[in-house]
Amino acid sequence: MVARIIRGKDIVGLIKYNEKEHSSVLYAQLINDLKDPEELTLQDKIQGLQAYLRLNPKIGKPTFHVSLNPDPEDRLSDEQLTEIAREYLERMHYGQQPYLIYKHEDIERTHLHLVSVSIGLDGKAIPSSQDRYRSEEIRKDLEAKYGLVPAGEKISKGKNVFEPIDVPAIEYGKTDTKSAIASVVRSAAREYRFSSLAEYKALLNQYHVTVDEVTDPSEPSKTLGLFYGIINPAGERVGSRIKASSIGKEVGWPALSAKFTEDEQKIRDSNVRATLGGKITTVFTAYPYLTLADFRERLQEQGIQVVCRERKENTLAGLTFIDAHTKTVLDSQALGAAYSSAALGQRFAAATLARPDLQRANQELVRIYHGYRKTDPTYFFESTLIQALPQLAGALALHLQNQVPHLEGRQAELAVRNFMEYRQKQLPQVQEKENGYFQANTPPLLHYVQSNGELPLRQKLSFLYALHITFSQKGEDLRVHSSKSPAVGYTVPKTTLSHLLGVPVPPGKLTVPEKEIPVFHKIDREILKTMCQAPEKRPYDVLRLGERIGGLDRSPILRYLPKADRHLLLRYANREYAAEVFQGMDKGGGYPQILSHLLENGLLIKPITGRGGERRGYLLGYHTLPESTFVKAGTMLTNLLTSHGFTPETEASVKRLVFRESQTGEVTVSPKYRVLVTLSQALQRNDLKATRDVLSLIHRINKPLADQIDQRLADTLPRNPKEPGADKRQATDLIPLIRKEIAEYPADTLREPSQNAALIRLYRPESTHGARLLEGLGILFRDFAAAVFGNEQGEKEEHRPEQKRKKRRRPRW
């Protein structure tokens with residue numbers, strides 16, 4: 001049931017409106033108690049209500065008119081209708097007032113009209129500030145009490161969003177045409193605000209009513225009058241038209257034109273336009289892409305009906321918004337250029353895509369986008385990939401649907417289009433950034449190459465090609481650009497490649513075999529960037545060479561550095577790494593413990609002797625770096641080594657333990673020693689990735705040993721996810737177990753015994769002896785120092801006199 005309250009000042013017109021052909025009075029109170037309701041005359045009704053109006057003529061709108069509209073599915077008798085109406089009036093504080101209860105049957109749906117006055121016997125007005133809230137509460141209670149169809153249920157299903165204002169839709173042939181049209185146009189003109197005939201017409205069209213203006217043939221801009229008519233749901237006219245004057249002057253042209261001006265001022269003074277614009281913006285914010293149908297549905301959920309006007313070519317001509325809450329009709333043009341039909345038409349898409357779905361799609365597209373950059377060398381520069389996005393759109397949409405299955409095909413295409421538009425807007429900034437970076441970093445590199453006189457032309461070219469730098473002569477100017485994108489680069493005026501590189505360049509095309517072009521990694525580029533600076537300004541500390549010393553000897557950048565720079569770099573790496581090792585060392589340990597700790601971390605000791613053979617100190621350095629880059633040992637270590645007699649013979653024993661020389665003269669590091677050093681470095685930094693790399697290596701070269709290590713880890717560390725600590729295994733938990741298994745494995749090459757024996761036979765005798773010593777680590781020798789000096793475990797125990805065991809005294813009890 002729907003209840004609508006209307007207040008006015010014309011009691012006569014109100015009663016006459018209800019005195020129609022298909023209406024009857026169900027109940028009358030305090031009108032003329034001597035007559036039954038059906039016997040009351042028009043004069044009786046008017047006089048009964050006017051008597052109260054004279055008590056306070058100052059009240060502007062003293063009439064109280066309520067329309068109660070039960071749902072057509074509600075089948076109620078006259079007694080039930082009367083009971084519902086009387087209870088409604090009683091709870092609205094009109095139980096002691098004169099009133100009339102009319103029953104209307106002029107349309108298919110039977111409904112009630114309650115007529116009363118809001119002036120009491122004391123001449124005071126009945127309070128009306130809370131009428132609408134009170135009416136809504138009473139309506140819900142009556143629906144529950146009498147089992148009526150709730151009005152909210154009908155509205156939520158979208159059957160008729162205007163039902164709350166009681167403007168029934170009209171179907172020709174089922175109702176009285178004139179009375180039905182009059183009911184709609186009067187209600188629309190009274191309840192709604194609009195500022196043009198087009199807005200008024202859009203409102204009437206929702207109830208199958210249309211309005212046409214009659215203009216002066218000699219002056220088309222002058223309106224003479226209005227005609228109203230009925231249209232079917234398809235918008236086609238049905239039946240004959242009715243003059244506005246036959247309905248009432250309040251719906252004629254003079255009254256409406258005045259209303260247009262008045263309502264325009266009211267709308268301008270209120271914030272209705274800003275509120276409606278905010279709601280539209282909110283919809284587009286929540287749905288960056290949506291269809292026109294979904295746009296209308298989203299606004300309809302907020303009580304706003306969207307009326308579309310289309311041209312013959314099926315393009316959007318305009319939109320009109322009918323707000324049931326503010327009772328306002330607004331054309332899209334009145335909201336501003338941002339909400340015009342042209343602007344809104346560009347926002348509508350072939351599919352609807354909500355913002356959360358678009359954000360999820362963008363996350364996946366960013367991941368796919370960066371995947372292209374990492375895996376496809378064609379897109380070394382981001383600008384190249386942005387320019388190629390239109391060709392990749394189809395593949396991106398397919399990838400996106402695989403990653404976000406609930407997206408439909410059109411939605412995925414919209415998400416890709418949105419992503420492409422965003423990236424293409426960034427293209428100028430990306431190109432500017434790439435060119436700026438190239439121009440800022442390439443000149444120092446070229447100057448560094450030019451100043452390195454040790455490199456021949458071929459090596460300089462392979463170095464620059466590895467950095468994706470190439471050249472092209474343009475007359476007297478030299479174009480320096482990236483080999484990945486000719487657009488990224490700069491021009492050096494009036495110069496040649498020979499002058500730029502500092503070496504003679506033969507005429508013709510310069511090529512370098514691909515196998516001679518090295519592959520530089522991130523650390524190589526960082527080293528190169530540092531070395532291009534002046535020696536006194538080089539920030540070696542940012543390179544963290546101590547952490548990366550294990551692979552520094554294999555860095556391809558070293559052979560392109562001048563000898564002096566290479567020496568400085570490796571010397572700084574030795575100094576930084578030695579400081580880190582000493583920082584983690586137990587200073588209270590003895591000579592064997594300190595020597596073992598140094599060897600475990602890959603540090604070698606070299607004695608310094610004078611011309612006469614006297615000992616002058618010691619040098620310390622990483623075992624894979626040249627001895628010329630070793631750094632001087634500190635005072636504490638020097639005194640310790642001197643007091644225990646670390647001699648060149650001891651140094652030779654250490655080298656015999658670490659290095660392996662083949663029959664052909666090639667010197668390498670023992671595989672077992674290298675792995676043990678790697679594990680010690682990983683333990684010091686709790687590096688889980690390096691630990692897993694070692695396990696992967698063992699799995700590749702020795703499956704039985706790998707299985708043995710896995711079994712040891714499984715037996716010692718928790719495997720059940722429900723056990724505490726199962727998912728928190730650190731490198732410090734794994735490395736001691738792995739290192740023990742590797743140290744005790746009797747194979748210098750960490751291969752299976754048969755393969756290990758074959759490989760050791762390729763060593764020279766001294767290296768074979770060192771391999772046998774290292775194979776005994778953990779079995780014959782407790783640590784590296786014991787292996788260096790040949791002190792086997794149990795040697796002292798063999799010469800220790802046997803001690804008699806004391807008998808335990810038996811307790812007396």
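This is a predicted model: local features need pLDDT of at least 70, side-chain atom pairs count only at pLDDT 80 or more; totals for chains, interfaces and linings use all residues.
Residues are numbered from 1 along each chain as its sequence is written, and side-chain values use heavy atoms, with hydrogens and water left out.

Back to tyrosine 369, which is one of the buried residues of helix 12. When I say helix or strand, I mean DSSP runs numbered from the N terminus: H or I with at least four residues for helices, E with at least two for strands. Buried is under 20% relative accessible area, exposed is over 50%, and partly exposed is in between (1.4 Å probe, protein chains only).

Helix 12 covers residues 355–375, so 21 residues, and spans 30 Å from first C-alpha to last, close to the 30 Å expected at 1.5 Å a residue. That expected span is 1.5 Å times one less than the number of residues. Which residues of helix 12 are buried? They are Leu358, Ala361, Glu364, Leu365, Ile368, Tyr369 and Tyr372. These cover an arc of only 145 degrees around the axis, so they sit on the same side of helix 12; the arc is taken from the directions from the helix axis to the C-beta atoms. As a reminder, an α-helix has 3.6 residues a turn, so residues three or four places apart point the same way. The buried residues of helix 12 pack against helix 13 (382–403) and helix 14 (409–451), with contact meaning heavy atoms within 4.5 Å. On the face turned away from that buried side you find the exposed residues Pro356, Gln363 and Lys374.

Now to salt bridges, meaning a side-chain nitrogen of Lys or Arg within 4 Å of a carboxyl oxygen of Asp or Glu. How many does the structure hold? There are 40 salt bridges. One of them joins the side chains of arginine 373 and glutamate 382, at 4.0 Å from N to O. Arginine 373 is partly exposed at 30% relative accessibility, while glutamate 382 is buried at 16%.

Another salt bridge pairs arginine 4 with glutamate 191, at 3.4 Å from N to O. Arginine 4 is in strand 1 (residues 2–8) and glutamate 191 in helix 6, so this pair ties together parts that are 187 residues apart in sequence. Arginine 4 counts as buried at 6% relative accessibility, and glutamate 191 counts as buried at 18%.

Then we have aspartate 748 and arginine 660, whose side chains meet in a salt bridge of 2.9 Å, N to O. Aspartate 748 is in the loop between helix 25 (731–743) and helix 26 (753–760), and arginine 660 is in strand 18 (residues 659–661), so the link bridges parts 88 residues apart in sequence. Both aspartate 748 and arginine 660 are buried. There is also a network of salt bridges, linking Lys606, Glu627, Glu651 and Lys655.

Leucine 750 is in the loop between helix 25 and helix 26, and its phi is near 65 degrees, a positive value in a residue other than glycine. Most residues other than glycine have a negative phi. Is leucine 750 buried or exposed? Leucine 750 is buried, at a relative accessible area of 1%. Lysine 494 has a positive phi too, near 50 degrees. Lysine 494 is in the loop between strand 14 (489–492) and helix 16 (497–501), and is exposed, with a relative accessible area of 69%.

Last topic: aromatic pairs, of which the structure holds 20. Rings of Phe, Tyr and Trp (its six-membered ring) pair if their centres lie within 6.5 Å; planes under 30 degrees apart are stacked, over 60 edge-to-face, and the rest tilted. Phenylalanine 194 and phenylalanine 260 make an edge-to-face pair, 6.0 Å centre to centre with 65 degrees between the planes. Thanks, everyone!
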